[in-house]
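Morning, everyone. Please bring up the sequence and the structure, and follow along as I talk.

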Amino acid sequence: MTAETPAPDTLTVDLGTETGPFHGGASGTLYGLYGDGVPSRTLVEGMYVRTVTTKAQDGIQHPGGDALEILPPFVAAGGKDVYVYLPDFYRGFPYEWPGADGEERLAGFLEIVRRQVEHVLTLGPDRSHVVYVPFNEPEGNMFGEGEWSHNGVSWRTDPRHYFAAWKKTYHLIKGLDPGARVAGPNTCILYPEVRGFLEFAKEHDVLPDVITWHELSSPAEVRTNVAKYRDMERELGIGPLPVNLNEYAHNYHVSVPGQMVQWISAIEESKVDADLAYWNIAGNLNDSAVEANKANGQWWLFNAYGQLTGNTVRVVAPHPNVQYTLQGVATLDPAKRQARVLFGGAGGTADVVFEGVDPDVFGTTVHLRLHEIPWTGQVGASAQPLRLRDEELPVVDGRVTLPVSDLDAMSAYQAVLSPGGNGAASLPPAIRWRRTYEAEDATYTGTGHSKNGPEGSPLDVDRFATSGGYHVGGLRTGSDGVLAFDVEVPYDGTYEVGVFANSHNQAELVREFGPTNVFLRVDGEAPRELRLPLGYKWAVWGHTDTRVELTAGRHRITLAAQDPDLGVTKGDAVVDKLDLALRDDDGTALYEAEYASLGGGAVVSHAHRGASGPGAAVLPRGGTVTFWVHAADDGEASVTVDVLGPGEGLLTVNGEDVGRVERGAVPLFLAGGVNKFTVTGASELLVVDRLRVGPSRDLLLSTTHPAEEGALTGTAKVTGYAYATGGKAVDGIGGGPDNALTLTVTADRTGRHALTVRYANGEQAPATHYNPDPVCRHADISVNGAAPRRVLFPTTFHFNNFWNLSVPVTLEQGTNTVTFTADELPDFGGESRNQYGQRSAYAPVVDQVTVTPLF
């Protein structure tokens, strides 16, 4: 190394020092679930969400997230516990609990608690997954010093009223349900006064079943405070009790894999549960889910985290326990003969060094696969992680060194070690070449230009993460602005262009028309119109993608507010960056079985020469291998399950039984976003090598039915929407079953089909705080007059912004009717309705419905 070139950081993974069973506790969410289907069960299950914190049933704090409505589908998706914020029955923060004085307020609150427990007691076995949280941040709310406090005195100064209220609430809950679990004290940090709370609770036999507090701090404080709490327990002679840090991370961190991996490493090391903080909108897994079923980069990070198996091992970071530096979490699974490490948080170069590499497990050569999990924005969908390296490395004195360069601080990375030397062919990187061009470095001509920022940073964690920290405005209604990116590419080819941008859906120029349109040209030619992403605030990033043909050399890519051939911009947008990439594949995605999730006695084998990777999955009868598969859009894909040798298996996709595993490609309908593929062994032995997912071959016949051609009743009517197909869509569906849309569709054969509904939903309820409160609309969908199925449709941020949502249904051969209606749901007891517009009575605006066989 020269004096000018510092040595790379070293992240050491000590496979010889285990630190306990893998826990998986970091994958919790606060208000991340809106209702069944938003987000989809596939997204919930594939993120391995362990705990959910949400509002009391029928609470009026936010739309959606009603505890007892999300509970059954969450448990069905593999969830462990739902933490019920009882004060979130009220509106406002601090909570606006009614009453003339503290005792009257407390009495009213206890009646609400009673009603919640009585509701839970009707649930049957699912009630065992409920954990009650009587008070939330009591030091700043019900037992603080403000207007809405019990007596205007903080419990940290005089705890008597709080302790008495805790004791009454605890006894009420346990008296109604002796098996109930109660969590607390749920302070915003681990105050020193929590010790006094524990002393009181122990003395009066009202100790929480789970200890909770919030870590809106740093990963370093997670480790420090959990250790401090464990010391308290030992000194007081209680526990050890389960811990849930049921709000963690800041706005600047969520959605960014390189930030979140630092939190994950601290939480996993501490072996506690933790729930991502709720800074933005409900129902999107805290900026992990896009639309109903699509994943961004953060989702794929948690998907990789949730698939860790075995025991965690010691990881020594180059700057231990220091935020905004390279950190990691790793596991060793000797049964799989596999080690995995998730790392990130710093740019530049680093050496990832595996020590204690056991030759009895890995041999003398290891097969290494390295993936990148990039940041794709809060509302920007992401494909599966990018394969960066696939190679074999020698084991030298029990060590394997992986040098990595060009690290992106916003990305997370996963390296997987397996035994090598089995003849597996190395695969090339998924991307042949790529570059990022910051909008603030581009050339702007014309009027209206603004350079905005800085946005989020370690010094301002309340703001949003933004590439380069700045973004550019100016492309809006009436502008003549042109934003020009000068690029240079090394090869001729078809390049992917990703424009990272945002329009705030409530901004004046955006509220009028919806998504902002701009015009892209390459070297002044090949004009096309792009519609840029909408978001719930400014600087909430998504991306609009297109492809361009480029020759090797220099080019200018422009985004303009006017185009002589195509028109003018309507709206108001900010642009963060432009990504340019050249892929090195034929559009077929590969998913190796040895890296997938195994169940039912399935094992990884490295004894099958001819396997595409370092191993394969061996399934006994009933054994399973599960893949999480990306699809860019709803529609057909060509899918091949590669197996080695004889054997039989059954395939399910998103819970739908496809049938036996075929030798060769089969056409299957995939939902846009994430799809769950499970192969189940149906013979004594089935060896699964990998899954290949390629482009459509147009073998599944689809038919599209414009909504305006359907039969309309009541208030349902055809209305003009500029971005609807053909400029027309149907609104006014709902407010009662008499206001309906009925479409007549045909099917070539009886069986399962996808109804892909192109819809828009811009409904938003008034909020009392910093969280925007978009409302999910629903449709009660009836096929051939059968009992309707209720389907939730998440916000599209505007009624002129259309997305797809696919619903599986059974159709008869020949003609079928599909009817859409809607009505407002009453509260849990069926006696009242929400008075704040938080439960919509209406279906979304319906543009068209496409019918496709599932398989």
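Strands, to begin with, are DSSP runs of E with at least two residues, and helices are DSSP runs of H or I with at least four residues; both are numbered from the N terminus. With that in hand, look at Pro-185, which is found in strand β6. The peptide bond from Gly-184 to Pro-185 is cis, with omega near 5°.

Now the ground rules. This is a predicted model, where local features need pLDDT of at least 70, side-chain atom pairs count only at pLDDT 80 or more, and totals for chains, interfaces and linings use all residues. Residues are numbered from 1 along each chain as its sequence is written, and side-chain values use heavy atoms, leaving out hydrogens and water.

Back to the backbone. Most peptide bonds are trans, and most residues other than glycine have a negative phi. Val-38 and Pro-39 are also joined by a cis peptide bond, with omega about -5°. Pro-39 sits in the loop between β2 (28-30) and α1 (41-46).

Next, positive phi. Tyr-48 is not a glycine, yet its phi is positive, about 55°. Find Tyr-48 in the loop between α1 and β3 (51-55). Leu-285 has a positive phi too, near 50°. Its loop runs between β9 (273-276) and β10 (289-290).

Are these two buried or partly exposed? Buried means under 20% relative accessible area, exposed means over 50%, and partly exposed is in between, with a 1.4 Å probe and protein chains only. Tyr-48 counts as partly exposed, at 26% relative accessibility. Leu-285 is buried, at 0%.

On to helix α5, residues 194-203. Which of its residues are buried? They are Val-194, Phe-197, Leu-198, Phe-200 and Ala-201. These residues lie on the same side of α5, because they cover an arc of only 165° around the axis. That arc is taken from the directions from the helix axis to the C-beta atoms. Remember the general rule: an α-helix has 3.6 residues a turn, so residues three or four places apart point the same way. The buried residues of α5 pack against α4 (160-176), β6 (181-187), β7 (210-215) and α6 (219-236). Contact here means heavy atoms within 4.5 Å. Just after α5, Asp-205 takes a positive phi of about 60°.

Now follow α6 to its partner, helix α7, residues 257-270. The two helices pack at about 10°, with their axes 8 Å apart. Axes are lines fitted to C-alpha atoms, for helices over the stretch in contact, and angles run from 0 to 180 degrees between N-to-C directions. α6 and α7 are therefore roughly parallel, a term for angles under 35 degrees. On the α6 side, the contact residues are Pro-219, Val-222, Arg-223 and Val-226. Those on α7 include Trp-263 and Ile-267.

Last, the sheets. An open sheet of nine strands has the order β17-β16-β19-β14-β13-β12-β1-β15-β18, with mixed pairing. Two strands pair if DSSP finds at least two bridges between them. The edges are β17 (386-394) and β18 (400-407), each pairing on one side only. Inside this sheet, β12 (311-316) and β13 (327-333) pair antiparallel over three bridges. Thr-312 has Thr-331 as its bridge partner in β13.

A further open sheet has five strands, ordered β21-β24-β30-β26-β27, with antiparallel pairing. Its edges are β21 (443-445) and β27 (525-531). Five bridges join β26 (517-522) to β27. Val-518 stands opposite Leu-530 in β27.

Conventions. Angles under 35 degrees count as roughly parallel, over 145 as roughly antiparallel, 65 to 115 as roughly perpendicular and the rest as oblique.
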